[in-house]
Amino acid sequence: MDEGEARRPLIVTVDDSPDARRFIELSSHAADLTEASDALGWALDAAQDGSLPNVKPYLIGFAVVAYCRCFLHSNVRTPLGNHIDIPSGMRGTHEAIKAFRNQTIAHSQSDLAVTYPVGVLDAQTTELQFVSAVTVASTLPDSIAKDFEALIDAVLDLLDEVLAPVRERLEETLRATDPEALDVAPPAAIDKMADDFHPRSKRARYPTSHTFYWDRQG
């Protein structure tokens, strides 16, 4: 064994406990917020340098969905609003993002996305060629997107404050445990074929496995 391998850290499983489940729950919120932050950052970068202009609204839409997941009802975790309070100066942005998600992104109800029926005529003869539809959609203005970016950063900071004492208690428990009693076996990875893909699955509050789905080759 070379020195590099000897210094490689061992990963151990934290035993199931109320604190472990709380840590999982809060950390899953952090994962959603990180997805929102990354997608929004890419959208703002694209707006600034003019690259991939058609991608911007889709990235913003994903950021909105990922952020709002943290505050909506779930059967496997409590809403993030039960753990933190949105800063008073940012509540307007928070409510606007939720409304944008509800009315435009998750449900097509607002006038931010309207569809017109139009007839296409020959420019010379004015003869009707066909009837088509034109959909005009508006996403967040850059100024509101930047307010949203600041909101995500603030919420992540507040979440870190809630996570810190839970992490410290788990670390204290692990330090007090005999190293020989720690479980170094990784969670089980289950391989299934794409034909068995099951999107209605429900994750456990203390997961012990995860599933990868594979397509057939050829």
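Student: Leaving aside its neighbours within four places in sequence, with which residues is histidine 210 in contact?

Tutor: This is a predicted model, in which local features need pLDDT of at least 70, side-chain atom pairs count only at pLDDT 80 or more, and totals for chains, interfaces and linings use all residues. Residues are numbered from 1 along each chain as its sequence is written, and side-chain values use heavy atoms, with hydrogens and water left out. Contact means heavy atoms within 4.5 Å; on that criterion, histidine 210 is in contact with Pro187, Ala188, Ala189 and Ile190.

Student: Why does histidine 210 count as partly exposed?

Tutor: Buried means under 20% relative accessible area and exposed over 50%, with partly exposed in between (1.4 Å probe, protein chains only). The relative accessibility of histidine 210 is 35%, so the residue counts as partly exposed.

Student: Where is histidine 210 placed?

Tutor: Histidine 210 belongs to strand β4; strands are DSSP runs of E with at least two residues, helices are runs of H or I with at least four, and both are numbered from the N terminus.

Student: Which residues are closest to the centre of the second largest pocket, and which element gives the most to its lining?

Tutor: The second largest pocket holds about 320 Å³ of space. Of its 15 lining residues, the closest to the centre are Ser201, Lys202, Arg203, His210 and Thr211. β4 gives the most to this lining, with four residues.

Student: What makes a space a pocket and not a cavity?

Tutor: On a 1 Å grid over the protein atoms alone, a cavity is a set of points where a 1.4 Å probe fits but cannot get out, whereas a pocket is an open set with protein on both sides within 12 Å along at least five of seven lines; lining residues have an atom within 4 Å of a point. The largest pocket has a volume of about 490 Å³, and among the residues closest to its centre are Val12, Pro187 and Tyr206. α5 (142-175) is one of the elements that supply at least two lining residues, and α5 gives the most, with four.

Student: Why are α4 and α5 called roughly perpendicular?

Tutor: Angles of 65 to 115 degrees count as roughly perpendicular, those under 35 as roughly parallel, those over 145 as roughly antiparallel and the rest as oblique. Helix α4 (residues 91-105) packs with α5 at about 110°, the axes being 10 Å apart; α4 and α5 are therefore roughly perpendicular.

Student: Which residues meet where α4 and α5 pack?

Tutor: Thr93, His94 and Ile97 in α4 meet Asp147, Phe148 and Leu151 in α5.

Conventions:
Points joined across faces, edges and corners; volume = space filled by probe spheres on them. Axes fitted to C-alpha atoms, helices over the stretch in contact; angles between N-to-C directions.
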